[in-house]
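The sequence and structure are shown first.

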Amino acid sequence: MKEELKIFIETKSFIEKITEYSIYFPKRENIFKNKIMETSFSFLENLYMYNSKKEKIEILFKDVAMLNYYIEYAYKKRIISHKINNELTNKLSFILKLLYGLKNVS
């Protein structure tokens, strides 16, 4: 139970950070910006679905992988800095570790 709560807190923190940094995205990358925001919120929704109905956890791993790709893409396109890239990647890495812990518990 404690690990489930921690993953919700970390996910919400990640979404707040990605929302904060979304101002750095240029207008030409508006579709990409919307996609990363949509995937972030979708991950949170799927996490709640998993918690309440014990849905398949693989969906959550897919969302984390996509978010990781989006951050990598933004860094390669020089939309976000190295510091922001490291911060967001570290948060996603921690969320991924919590997901593996959640998978092993259930």
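Two rings of Phe, Tyr or Trp count as an aromatic pair if their centres lie within 6.5 Å. In this predicted model, a search of the whole structure finds eight aromatic pairs. Two of them are set out below.

| Aromatic pair | Distance between ring centres | Angle between planes | Class |
|---|---|---|---|
| Phe32 and Tyr73 | 4.7 Å | 55° | tilted |
| Tyr69 and Tyr73 | 6.4 Å | 35° | tilted |

Phe32 belongs to helix α2 (residues 30-53) and Tyr73 to helix α3, so their pair ties together parts that are 41 residues apart in sequence. Tyr69 and Tyr73, in contrast, both lie in helix α3, four residues apart, which is about one turn of the helix. Phe32 is buried, with a relative accessible area of 11%. Tyr73 is partly exposed at 24% relative accessibility, and Tyr69 is partly exposed at 44%. One aromatic cluster is formed by Phe25, Phe32, Tyr69, Tyr70 and Tyr73.

Helix α3 (residues 58-76) also approaches helix α4 (residues 82-105): their axes come within 10 Å and cross at roughly 170°. Because angles over 145 degrees count as roughly antiparallel, α3 and α4 are described as roughly antiparallel to each other. Residues in contact include Leu60, Phe61 and Val64 in α3, and Leu88, Leu92 and Ile95 in α4. The residues of this contact divide into 12 nonpolar, four polar and one charged.

Helix α4 also contains Leu102, which is buried at 6% relative accessibility. The C-alpha atoms of Leu102 and Ile7 are 8.9 Å apart in space, although the two residues are 95 residues apart in sequence.

Note on methods
Residues are numbered from 1 along each chain as its sequence is written. This is a predicted model: local features need pLDDT of at least 70, side-chain atom pairs count only at pLDDT 80 or more; totals for chains, interfaces and linings use all residues. Side-chain values use heavy atoms; hydrogens and water are left out. Axes are lines fitted to C-alpha atoms, for helices over the stretch in contact, and angles run from 0 to 180 degrees between N-to-C directions. Helices (H or I, at least four residues) and strands (E, at least two) are DSSP runs, numbered from the N terminus. Angles under 35 degrees count as roughly parallel, over 145 as roughly antiparallel, 65 to 115 as roughly perpendicular and the rest as oblique. Contact means heavy atoms within 4.5 Å. Ala, Val, Leu, Ile, Met, Phe, Trp, Tyr, Cys and Pro count as nonpolar, Asp, Glu, Lys and Arg as charged, and the others, Gly among them, as polar. Buried means under 20% relative accessible area, exposed over 50%, partly exposed in between (1.4 Å probe, protein chains only). Rings of Phe, Tyr and Trp (its six-membered ring) pair if their centres lie within 6.5 Å; planes under 30 degrees apart count as stacked, over 60 as edge-to-face and the rest as tilted.
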